[in-house]
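Student: Could you go through this protein with me? I would like to learn how the terms are applied.

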Amino acid sequence: MTKIILLQRLKDLTQETIADIIMPVAMQKGDAEPQSRAADVHLMRLPDGAGAKKKAPYVIHQVLTGKDVQPMGHDVSASATVRSIFAVYNEDEQEGGLMLLNIMERVRIRLLRQVVVGDQFVLDLSAGLETLVYPDDTAPYYAGEMMSVWKLPAVEREVSQWL
């Protein structure tokens, strides 16, 4: 449950951080005029993976790996690696690239300032906070990702005789 709570707290933080950035949405069949909105935030996957382009702008937070360790003589520690995928749409290639960078930077700066999310998850800056804007020519869609490692509350053992 802890990793799910981490994702939910990251979703809340992301929505709050980028709610005021209104971006264009690709016109779909039946649309009378162009639409704009803030990016949707999803956990693990898009609701409809086949419609990835239709869903832009969006952010997806995914837990990729988790690790629980207890070095001899130390307490148990737990961590999770989260990949955050950012996608936007814009007919203007320069504006699209800048829009993508804008939402990624907003989230990056917020995480670096706040460091603790949900009063229990700590950004592990010794592992680094990595961002990548995909260099592929996918205009009018632009995407990037952010990798972060989070320190999680350790799971307490019920039986201590085997420690």
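Student: What makes the nonpolar surface patch, and what is its area?

Tutor: Leu 98, Leu 101 and Val 133 make this patch, with about 240 Å². Nonpolar side chains are joined within 5 Å, and areas come from the Shrake-Rupley method with a 1.4 Å probe. This is a predicted model, where local features need pLDDT of at least 70 and side-chain atom pairs count only at 80 or more, while totals for chains, interfaces and linings use all residues. Residues are numbered from 1 along each chain as its sequence is written, and side-chain values use heavy atoms, without hydrogens and water.

Student: Why is Leu 98 called partly exposed?

Tutor: Buried means under 20% relative accessible area and exposed over 50%, with partly exposed in between. Leu 98 has 47% relative accessibility, so it counts as partly exposed. Leu 98 lies in helix 3 (residues 93-114).

Student: How many helices and strands are there?

Tutor: The protein has three helices and nine strands. These are DSSP runs: helices are H or I with at least four residues, strands E with at least two.

Student: Where is confidence lowest, and where is it highest?

Tutor: pLDDT is the predictor's confidence in each residue, from 0 to 100. Helix 2 (residues 52-55) is lowest at a mean of 80, and strand 8 (residues 130-133) is highest at 98. For the protein the mean is 92.

Methods
Patches are made of residues with over 30% relative accessible area and no salt bridge: like charges are joined within 9 Å, nonpolar side chains (Val, Leu, Ile, Met, Phe, Trp, Tyr) within 5 Å. A salt bridge is a side-chain nitrogen of Lys or Arg within 4 Å of a carboxyl oxygen of Asp or Glu. Buried means under 20% relative accessible area, exposed over 50%, partly exposed in between (1.4 Å probe, protein chains only).
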